Amino acid sequence: PTPYMLGSVCDGEKLYVDTDAFLTKVPAALAGHTMIRTADADASLTFPHDALAFSVAEPSTIYLLWDRHGTPGGVAGASKSVPRIGVLPAWVKNDFVDTGLNVGTSDGPMGVLVSARPHSGVVRLGGCSTLPHPFGAAHNYVVVAVPAGDAMAWAYTPERSGEEGAGEGSESV
């Protein structure tokens, strides 16, 4: 397997360790923070909790840059001009919320998902193709870790976390 590498979230930065894709438009809230460049070829991993494990030294908000090429029905390969998140794996639906923000990449837009709570110590994330919904992302995700005090405030409503338009609540993460 290709080893993952750290990078900085900024325009022109390489997105994956195994392709030439790069960031083209980064939201100010993520600019300059640390990212983990994953392997795009790992988008087919099916591990529910240990496709990627890393440590954060202080409580951190975790962002996933998630492929928006999937359609709401989960069919990968939709038009790049119609950004939509496909059917998310259970591990993503249970702990992440779609912020509605996009990151521009040379491969098309990626959505920005935010963890519902800060993480500390070892963080374990699953694969894009984890059951029960093994479809919806044509490309692997990229991880951005932001110290919890520096993270953008995001309204979060737990009961709506997996629905389109989530994020219109009163609880802040």
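**Figure 1. The hairpin of strand 5 and strand 6 in a predicted model.** Strand 5 (residues 96-105) and strand 6 (residues 110-115) form a hairpin with four residues between them, and Gly108 in the turn has a positive phi of about 110 degrees. Strands here are DSSP runs of E with at least two residues, while helices are runs of H or I with at least four residues, and both are numbered from the N terminus. The two strands run antiparallel and are joined by five bridges, where strands are said to pair if DSSP finds at least two bridges between them. Within this pairing, Phe96 stands opposite Ser115 of strand 6. The model is predicted, with local features requiring pLDDT of at least 70 and side-chain atom pairs counting only at pLDDT 80 or more, whereas totals for chains, interfaces and linings use all residues. Residues are numbered from 1 along each chain as its sequence is written, and side-chain values use heavy atoms, with hydrogens and water left out.

**Figure 2. Strand 6 and its two covered faces.** Is strand 6 buried or exposed? Six of its six residues are buried, so strand 6 is largely enclosed by the rest of the structure; buried means under 20% relative accessible area, exposed means over 50%, and partly exposed lies in between, using a 1.4 Å probe and protein chains only. On one side of the strand are Met110, Val112 and Val114, on the other are Gly111, Leu113 and Ser115, and the residues of both faces are all buried.

**Figure 3. Strand 4 and the strands that pair with it.** Strand 4 (residues 52-67) pairs with strand 6 in the antiparallel sense over five bridges. In this pairing Leu64 has Leu113 of strand 6 as its bridge partner, and Leu65 stands opposite Val112 of strand 6. Strand 4 is also joined to strand 8 (residues 142-147) by six bridges, and these two strands run antiparallel.

Figure 4. Pro118 lies in the loop between strand 6 and strand 7 (119-125). With a relative accessible area of 39%, Pro118 is partly exposed. Which residues does Pro118 contact, leaving aside its neighbours within four places in sequence? They are Pro59, Ser60 and Ala148, where contact means heavy atoms within 4.5 Å. Pro118 and Pro59 are 59 residues apart in sequence, and their C-alpha atoms are 5.7 Å apart in space.

Figure 5. His119 is found in strand 7 and counts as buried at 11% relative accessibility. The side chain of His119 makes a polar contact of 3.4 Å with the side chain of Arg117; a polar contact is a pair of N or O atoms within 3.5 Å, and within protein one atom must be able to donate a hydrogen and the other to accept it, with residues adjacent in sequence counting only if both atoms are side-chain atoms. Leaving aside neighbours within four places in sequence, His119 is in contact with Val56, Glu58, Pro59, Ser60, Ile62 and Asp95. Ser60, placed in strand 4, is buried with a relative accessible area of 4%. A polar atom of the Ser60 side chain lies 2.9 Å from the backbone oxygen of Glu58. Beyond its neighbours within four places in sequence, Ser60 is in contact with Pro118, His119, Val146, Pro147 and Ala148.

**Figure 6. The protein chain as a setting for the close-up views.** The secondary structure of the protein chain comes to one helix and 10 strands, which follow the pattern β-β-β-β-α-β-β-β-β-β-β along the sequence. Buried residues make up 49% of the 173 residues. Among contacts between residues at least 6 apart in sequence, 66% join residues at least 24 apart.
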